Amino acid sequence: MEASKRMMDQIKLTYFPLMAKGLGPSIMIEFCGIEWEPNQFKGMCTLAEAYPVWLEMRKTTTSPFGQLPMLEIDGQVIGQATAICCYLGHKGGMLGKSDRDYAVSSMLLQEGEDIWTAMKAGCPTCFAKEMSAESYHNLWEKVLPAHLSKLQPLLTTASNQLTFSPSSHPTYTVGEAYLFSMLYQARLVNAAVFEAFPSVVAWLDQMAAHPAVVKVLEGKGPLGVMEQYFIRRT
């Protein structure tokens with residue numbers, strides 16, 4: 001994809017060195033092949049280093065909603081992770097090549113948000129390490145399996161690879177990238193839950209092997225090395 005040739009200026013994604021809502025936009029930037037410049041947190045290896053910097057930035061931030069992530073691109077500032085991903089998808093041709101793929105991509109984008117909300121309600125994070133046993137077990141025994149059981153039938157095969165968007169294959173869509181960013185984080189916490197859904201696992205492994213995703217996961221993307229946001233309950 002030649003998105004970088006259509007975007008004359010470098011872009012800047014600002015977020016903590018943390019997966020959470022930073023993983024999806026980072027993957028989108030690399031999928032689109034866009035040149036980026038380091039943000040204020042680049043080089044900071046931990047959230048503990050970055051957070052005090054954000055508290056100072058917050059006083060004068062141009063983020064539309066006073067929060068992160070924010071993307072500086074095309075002379076504007078975009079807030080909200082899903083909006084950032086959609087804008088990048090628009091610029092990079094990742095909205096889907098057919099009406100059906102566009103619809104599925106939009107559904108997967110919202111599904112990624114629903115999984116994020118479920119994880120926040122039932123899984124400890126590096127910020128909030130306390131979580132009730134009831135909420136935690138409900139997430140992994142009921143809520144997430146219900147999501148995975150609905151995703152698995154949507155996967156089809158195209159050119160010997162799994163995809164939610166066969167008309168757009170081998171290009172991934174915005175929805176696929178964002179969904180991957182959330183499921184990848186869930187799988188880091190509890191991979192066993194995914195074992196009952198082999199097609200979803202195979203798709204996640206396939207996505208994780210893509211050079212753009214590998215670059216981000218190795219800490220070579222716009223946000224550098226990212227800490228794990230969701231953690232196991234102890």
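This report describes aromatic ring pairs and the surroundings of one glutamate in a predicted model.

## Aromatic pairs

A pair of aromatic rings is described by the distance of the centres and the angle of the planes. The structure holds 10 aromatic pairs, and one of them is formed by Tyr-15 and Phe-16, whose rings are tilted, with 5.5 Å centre to centre and 50° between the planes. Tyr-15 is buried, as is Phe-16.

Trp-116 and Tyr-229 form an aromatic pair that is stacked, with 5.5 Å centre to centre and 15° between the planes. This pair links distant parts of the chain, since Trp-116 lies in helix α5 (residues 99-122) while Tyr-229 lies in the segment after α9 (211-217), 113 residues apart. Both Trp-116 and Tyr-229 are buried.

## A cluster of rings

Trp-116 and Tyr-229 also belong to a cluster, in which ring pairs link these two residues with Phe-127 and Phe-230.

## Glu-111 in helix α5

Helix α5, which holds Trp-116, is also the place of Glu-111. Glu-111 counts as buried because its relative accessibility is 15%, and the cut-off for a buried residue is under 20%.

When residues up to four places away in sequence are not counted, Glu-111 touches His-147, Leu-151 and Leu-179.

Terms used. Residues numbered from 1 in each chain as written. Predicted model: local features only at pLDDT ≥ 70, side-chain atom pairs only at ≥ 80, totals over all residues. Heavy atoms only, no water. Phe/Tyr/Trp six-rings, centres within 6.5 Å; stacked < 30°, edge-to-face > 60°. Buried < 20%, exposed > 50% of the residue type's maximum accessible area, 1.4 Å probe, protein only. Helix = DSSP H or I, 4+ residues; strand = E, 2+ residues; numbered from the N terminus. Contact = heavy atoms within 4.5 Å.
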